[in-house]
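Subject: Structure for you to look at

Hello,

Here is the structure I said I would pass on. Please open it beside this email and follow along.

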Amino acid sequence: MNVGAPLLEVVDLRIDLADAGLRHAAVEGVSFSIPRGETFGLVGESGCGKSITALAVMGLLRPPLAIGAGRILLEGREIQALPQSGLKRLRGRRIAMIFQEPMTALNPLSSVGRQIAEMFVLHEGAGWRQAQDKAVEALRMVRVPSPERRAKDYPHQLSGGMRQRVMIAIALACRPALLVADEPTTALDVTVQSEIIDLMQELCAEKGTAILMISHDLGLVARMCRRVAVMYAGRLVEERAAHDVFRAPSHPYTQGLVASMPRLGARAAHGRNRLQEIKGVVPSIAAYPPGCRFHPRCGSASDVCRKVPPEQTGIEGGGTVCCYHHA
Amino acid sequence: MLDPAQQHTSEALLDIDALEVHFPVRMGFRQHRALKAVDGVSLQVRPGECLGLVGESGCGKSTLALAIMGLVAPTAGRIRLAGHEIGTEAPPDRMALARSVQMVFQDPYASLNPRQTVRRTLADPLRLHGIANGGEVDDRVAAMLAKVGLRPEHADRYPHEFSGGQRQRIGIARALILHPKLVICDEPVSALDVSIRAQIINLLLELKDDLDLSYLMISHDLGVVEHVSDRVAVMYLGRLVETGAWRQIFDTPGHPYTRALIAAIPDLFLPVAAKTQKATGEVPSALHPPPGCHFHTRCPMKQDLCVQREPTLEKVDLAHLVACHFAVQSR
Amino acid sequence: MRLRVNLVMGGALFALAVGAAVLAPLIATHHPFLDANLMNSELPPGSEYLLGTDKQGRDIYSRIVWGAQISLMVGVVSQLINTVIGTMLGLTGGYWGGKWDDFVSGLTNLMLSIPSLIFALAIIAVLGRGLMSLLIALGLTNWSFTCRIARASALSLKSQGYVQAAKTLGYSDMRIMLTQLLPNMVGPIIVIGTLGMGGAILAEAALSFLGLGVQPPWPSWGSMLSDARDAIITGQVWIPLFPGLAIFFTVLGLNLLGDGLRDVLDPQSKVRSA
């Protein structure tokens, strides 16, 4: 693995939301980096900003959202200020994205084989015949049975799991360096989800593609990723090796989340205890509290937490945390 | 636990007997096929018990819930609930049924009437059933709101003024306002943020003890099911594949599908399950279920027998039933 | 705020028409037909007759102001009948489905394929001329749009959780339709209602123009246009012009009002808390 420059570097990203003349910082001070070939998880609840961070990396933000400050570097080059023409050259070839709902991401009027073949035609200049053969190969690679026949199917004729495989085939067709996956398995049954995750991991390991995995499912991210960043209310609160984040979380929010989830085997081992709650609710963008955004719900909050937002500080064992009272 | 041979005891609060719910589906000009959403299910829920019902899409758990609520007519079999019978003849008395079984819905954003205040949503059923009138209605509404962790002033607000977690609390209050014996919880926390789920799960368990309720907890989240259930039933394509006490199901699952479900769960701390436990392929369409054992197309243990003969629920342990030809061997 | 302009302008125009109708006895300068004076026939607008006189020497301004009563009443009442019929059929059809819905859809399609004016003519032919038949005829012709909207709303709303919850709480179908579905459908129906009022006024004008609407001597804007048929050729433009403008501005106002209401009512139903 190339230990040199990281594949993706996000530095102090701020994304603004324009709302009737006011500007809110939906995402603020987010920094992380992904080395080549690594799986990196971005985890958080709805509204925490993880999806729009992914969109910012892809250059897909639309008004009222826009990048307010910060830098995004792909393979050492700054891309946050690239015009759409430059970004289009990157998308599909260097970065690819898969979404939660494949039905809306796939063209319902075009066969799946054609949609995969388009990638080869557009980005590699292949002829149609050649591209269609490659498309069948791509379907075989994502373990779709009878790929020659499935290539002629339309998206609505396939099940959710199949469509997601097609999405993966399209995304990985041109061997991008980075795959951004936004909740790719949330809409799938749990047994199918497991297969899709395995598939993603295997294929990306084979091709050396890094994965930026966005999810609200802590367990999924823990299983799949090497490093994990936890977001809350637009800020990155903790970024460490997946193993460490979940076994010994440092930020009170992560601690609360992990403690609140009912875990298989816990009841057999310790009896049924009341689940630990995090009191309060996730604040809305228009009403972010001053200082540390988690302080109203935090058991360890002190005066400084209420006034001054904490900075990302390094902790032992590698990684950063954003808290005055971290473990 | 009750011996399954004594299944049809009068002690059961809810007794479902060989229930079938089929929907005719048009497959082209003048051709019909039956979608067997529920295909021969027998279950009981005893008073004070929480039965967890687990299964993926197409397994029929939602249809089963609707049949228990009297919202969908059975094609065969019967449902006995606290003295009421829902069968294939006349539709049930909905008013009477409403006081016996209620439901908590999955989507807190769609399950409250946006044009009604919380007060109306809770008070109307009381008036409709003649349970209370005048000032007593307001008292009961306030009492119920307090029970679910809301304040009296919340009664005069509209749903859009509340967060997802609060709306779910209101939904729970509505389900309990008529003091039913059985509450069906259909994925009560899957649409909520992770940090809110614990609040709602704790609330449901408290209320169960406080008001002496029984729950039918439908969920695809095995962690939640293990935490709240006394007994668990696993469904696949309209049939029950396994039932048992929670410990039996999670510690010593007997059916390959149950094992596959458990193996598929990405858990923070458990090691990644061996591939041999996992199910392969996709869930078949409920319109064309595979012959014999429905699960054989995805089962790591499939043999010829599985395609030829449909397995029945057999006892593998006290109150632990598994529908698999190889259940005993595989334990 | 573009939407507010619609609302304000439309509201103002409509209010003007309503005001004229309500205050007719006070603001009219002459009696709409008893003050007819053949000596003063076809006078252009002047100080005594503000908008001139027609062929029979009647004051156009007063006739317009009194005519507002009839034209608006026709518009409002017939649209009310339309709305009630359309909502009842669409709501029950969408909610119950099955054969009743097939019947309602079939009927709606039938009504939509018959030119509404011809249908109204047929009804008037049966019932005879007069205000009553006009109201019934117009009330029975244009309910199909409302029905479509109501049916579509009912179909999409009936799968909402709170409707299922109402069923489980023991609510009867009637109660569910009235308390759960109807209040949530009101927005689009009101909008169609205001647009329909404009259409009804135009239809009344057309029917009166054909001599099948409001009968003399009471004026309606349409019958005034009808009477002024010759005047267009002989050059006394004011005789058809002012009733025409009255129709134009009132219908324009109703259309703008409908547009504005749609913008105002729609976002409300989509409000979700953060």
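Below is what was found, taken chain by chain and contact by contact.

Please keep in mind throughout that this is a predicted model.

Chain A

The secondary structure of chain A consists of 13 helices and 12 strands. Along its principal axes, the C-alpha trace of this chain spans about 65 × 50 × 45 Å. Chain A has 327 residues, and a compact globule with that number would have a radius of gyration near 20 Å; the value for chain A is 21 Å, so the two agree.

Where chain B touches chain A

In this contact, 35 residues of chain B meet 35 residues of chain A. On the side of chain B, the elements that give two or more residues are helix 6 (194-211), helix 7 (222-228), helix 8 (246-251) and helix 9 (256-264). Which of them gives the largest share? That is helix 6 of chain B, with seven residues. By residue type, the side of chain B that touches chain A has 17 nonpolar, nine polar and nine charged residues.

The two domains of chain B

Chain B is assigned two domains: domain 1 covers 4-98 + 182-330, and domain 2 covers 101-179. You will see that domain 1 is written as two stretches of the chain, 4-98 and 182-330. The C-alpha centres of the two domains are 29 Å apart. Between them, 24 residues of domain 1 are in contact with 20 residues of domain 2. Helix 1 (61-68), helix 2 (94-98), strand 7 (182-186) and helix 6 of chain B each give two or more residues to the domain 1 side of this contact. Helix 6 of chain B gives the most here, with six residues.

Strand 11 (residues 314-317) and strand 12 (residues 320-322) of chain B pair in the antiparallel sense over three bridges. Which residue of strand 12 is the bridge partner of B:Lys315? The partner is B:Leu321. The hairpin has two residues between the strands, and B:Ala319 takes a positive phi near 65 degrees.

Where chain C touches chain B

Here 17 residues of chain C are in contact with 25 residues of chain B. The elements of chain C that give two or more residues to its side are helix 8 (161-168) and helix 9 (173-209). Helix 8 of chain C supplies the largest share, six residues. The side of chain C that touches chain B is made up of six nonpolar, nine polar and two charged residues.

Two helices packed in chain C

Helix 3 (residues 60-96) and helix 7 (residues 143-157) of chain C pack at an angle of about 35 degrees, and their axes are 7 Å apart. Is the crossing of these helices left-handed or right-handed? The crossing is right-handed. Among the residues of helix 3 in this contact are C:Gly86, C:Gly90 and C:Tyr95, while those of helix 7 include C:Trp143, C:Arg148 and C:Leu155. The residues of this contact divide into 10 nonpolar, nine polar and two charged.

Regards

Conventions. Residues numbered from 1 in each chain as written. Chains lettered and ligands numbered in written order. Predicted model: local features only at pLDDT ≥ 70, side-chain atom pairs only at ≥ 80, totals over all residues. Contact = placed C-beta atoms within 7 Å. Helix = DSSP H or I, 4+ residues; strand = E, 2+ residues; numbered from the N terminus. Nonpolar A, V, L, I, M, F, W, Y, C, P; charged D, E, K, R; others polar. Domains from an automatic or database assignment. Axes fitted to C-alpha atoms, helices over the stretch in contact; angles between N-to-C directions. Left-handed = near helix turned anticlockwise from the far one by under 90°. Pairing = 2+ DSSP bridges. Rg over C-alpha atoms; globule rule 2.2 N^0.38 Å.
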